[in-house]
Amino acid sequence: MIEVINLHKSFNGQEVLRGINLKVNDGQALALIGGSGRGKSVLLKHIIGLLKPDSGKILIDNEDISKLRGRKLKRLKERFGMVFQGGALFDSLTVFENVAFPLREKTRMKASQIRKTVFEDLAEVGLSGAENKYPAEISGGMKKRVALARCLVMNPEIILFDEPTTGLDPLIGKAIHNMIRSCQKSYKFTAIMVTHEIPDIFSMVDRVAMLYNGFILAEGTPEELQNSKDPVIHQFIHGELEGPISIN
Amino acid sequence: MSPILTLFRIIGAFVIFVIGETGRMGIFLAEVVFLIPFPPYLFGRVIKQINFIGVKTTLVILLTGTFTGMVLALQIYFTLSEFGAESRLGPIVALALIKELGPVICALMVTGRAGSALAAEIGIMRITEQIDALDTMALNPYKYLIIPNLIAGIISLPLLNFIFVFVGVWGGYAVGVGLMGLSSGTYFGSIRDFVDSADILEGLYKSLSFGILITWISCYKGYFTGYGAEGVSKSTTQAVVMSSVTILIWDYFLTSILVA
Ligand SMILES: Nc1ncnc2c1ncn2[C@@H]1O[C@H](COP(=O)(O)OP(=O)(O)OP(=O)(O)O)[C@@H](O)[C@H]1O
Ligand SMILES: [Mg+2]
């Protein structure tokens, strides 16, 4: 179980997170929505331990990831996977090597086995034939899919997706959503997915949380949020320009 | 505010920055060195970085070494001939190369060729979140990015230095013997008489420590780069400037320790 308790974080005096409280049960998929630049990526980076909170706790099965060090921290991180917003592919490695990298470094799999796994994995995200290209030679959408493949190949228990389908065409976006959902159903990983794909996302997650002004404004089932009377949530979900949220 | 106060403020800020930066760099090096004994040992990456830092600098070292030896011989020959001491040309050229010019020029060449590239490469990996990606895979970025470079620097610099001195002495030979008509026996014979193992060790200590300095500073600057392309370009410049200056300052202190 992931529990974020009263998390605060500022950058150079700018308060980005101002007391986040969030709970995600094992095996659940949670969509994290909210305006651009509101701190969704920052929140994910806290959950996986890349950023340290100014105050508050991030408990993963009752262990505070921001306080762990050394081997314990390593073991906890091994349960995680993260798909970065920009892909974060290793640009000196080919697509194949990128996906093979965690297998080569973290498992004792044989080369032939790795080859087979990586090819299957890449086929699943629709990237057969791009194995020998370098990240600089493929499109932004392809990078996202490679990043996804690199993460899924390790079968982590908890996966944090930072906008896995933003910038993909609608068909591939849907296919990726379905793939994530079916993987999530069969492997039962816990997922937190930052996304702007509203309302598509509602059909594929168990819970939705909305980040607004540094707080979790609301958390509930997709139906609850869609039927919410809160003017902010209503405005955001229905994409209306008139309302309490100002774009500037 | 009065100009005097402003001046003190600037000086104070600078001193605080220098002390802080030295401390951060020291902690960085200590953390990196502490990790070296623990697995995984990434020999493949060390070889790759030796190729990058060392092998690919060889041509530059061959050229600069030869011409440094040649110009040195040319300058010194005319000075010596005023005292009729031309026969000392060999040892003077050799000692200058072994103790000073070899280590220092090699280090400056490596800084220009590889130090800047290291800072840029690691900096770009930082701003494109590749370092974060390593971290989230529970792999230690120091193991993958810093330690191989540090070890490669320690191995490469002495070897490059050896090549530099070797071709430099032959460059001096070309000028002294080929151009000025010294006898070959005088040139090499007197080198053997005057150069001893302490001189060679001095050169070795220098190039070893320069190997650490260059990779340490360049990796640090890249690893803690600022934001965006501007951050990386700043880090790259700082890596080169700071390495070059530190090499010369450290050279003086190391010499004074070794001489004493
Ligand atoms: N390392 C950092 N240093 C300083 N400020 C940062 C840093 N990371 C994020 N911020 C600031 O925190 C705020 C939230 O950024 P974040 O990337 O989390 O937004 P986001 O919700 O993911 O937006 P988007 O949907 O556009 O990806 C931004 O105002 C950003 O400027
Ligand atoms: Mg983001």
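Which side chains meet in a salt bridge between Lys77(A) and its partner in chain B? In this predicted model, the side chain of Lys77(A) meets that of Asp135(B), with 2.3 Å from N to O.

Chain A contains eight helices and 10 strands. Its radius of gyration is 18 Å, close to the 18 Å that the globule rule gives for 248 residues, so chain A is as compact as a globular protein of that length. Along the principal axes, the C-alpha atoms of chain A fill a box of roughly 55 × 45 × 35 Å.

The two chains touch through 19 residues of chain A and 15 residues of chain B. The size of an interface is often given as the accessible area lost when the parts come together. For chain A and chain B, this area is about 1,500 Å², with 61% of it on carbon and sulfur atoms. Two salt bridges cross the interface of chain A and chain B, one of them being the pair of Lys77(A) and Asp135(B). Six residue pairs in polar contact, both residues at pLDDT 80 or more, are also found across the interface of these chains. On the side of chain A that touches chain B, the elements giving two or more residues are helix 2 (70–77), strand 6 (80–83) and helix 3 (95–106) of chain A. Helix 3 of chain A provides the largest share of that side, with four residues. Sorted by class, the side of chain A that touches chain B has 10 nonpolar residues, one polar residue and eight charged residues.

Chain A itself is divided into domain 1 (1–79 + 157–248) and domain 2 (88–155). The centres of these two domains of chain A, taken over C-alpha atoms, are separated by 25 Å. Their contact draws 16 residues from domain 1 of chain A and 10 residues from domain 2 of chain A. Between them, the two domains of chain A bury about 1,000 Å², of which 73% is on carbon and sulfur atoms. One salt bridge is counted between domain 1 and domain 2 of chain A; the side chains of Glu78(A) and Lys106(A) meet in a salt bridge at 2.9 Å, N to O. The count of residue pairs in polar contact between these domains of chain A is three, both residues at pLDDT 80 or more. Strand 7 (158–162) and helix 6 (170–187) of chain A are the elements that give two or more residues to the side of domain 1 that touches domain 2. Helix 6 of chain A makes the largest contribution to that side, six residues.

Chain B is also assigned two domains, domain 1 (1–35) and domain 2 (44–258). The C-alpha centres of these domains of chain B lie 27 Å apart, and 10 residues of domain 1 of chain B are in contact with 14 residues of domain 2 of chain B. About 1,100 Å² is buried between the two domains of chain B, with carbon and sulfur atoms giving 78%. Met25(B), Phe28(B) and Leu35(B) supply 57% of the area that domain 1 of chain B buries against domain 2 of chain B, more than any other three residues. One salt bridge is found across the interface of these domains of chain B. The side chains of Lys221(B) and Glu21(B) meet in a salt bridge at 2.7 Å, N to O.

Technical notes:
Residues are numbered from 1 along each chain as its sequence is written. Chains are lettered from A and ligands numbered from 1 in the order in which they are written. This is a predicted model: local features need pLDDT of at least 70, side-chain atom pairs count only at pLDDT 80 or more; totals for chains, interfaces and linings use all residues. Side-chain values use heavy atoms; hydrogens and water are left out. Domain bounds come from an automatic or database domain assignment. Contact means heavy atoms within 4.5 Å. Buried area is the accessible area (1.4 Å probe) that two parts lose on being put together, summed over both. A salt bridge is a side-chain nitrogen of Lys or Arg within 4 Å of a carboxyl oxygen of Asp or Glu. The radius of gyration is taken over C-alpha atoms; the globule rule is 2.2 Å times the number of residues to the power 0.38. A polar contact is a pair of N or O atoms within 3.5 Å; within protein, one must be able to donate a hydrogen and the other to accept it, and residues adjacent in sequence count only if both atoms are side-chain atoms. Ala, Val, Leu, Ile, Met, Phe, Trp, Tyr, Cys and Pro count as nonpolar, Asp, Glu, Lys and Arg as charged, and the others, Gly among them, as polar.
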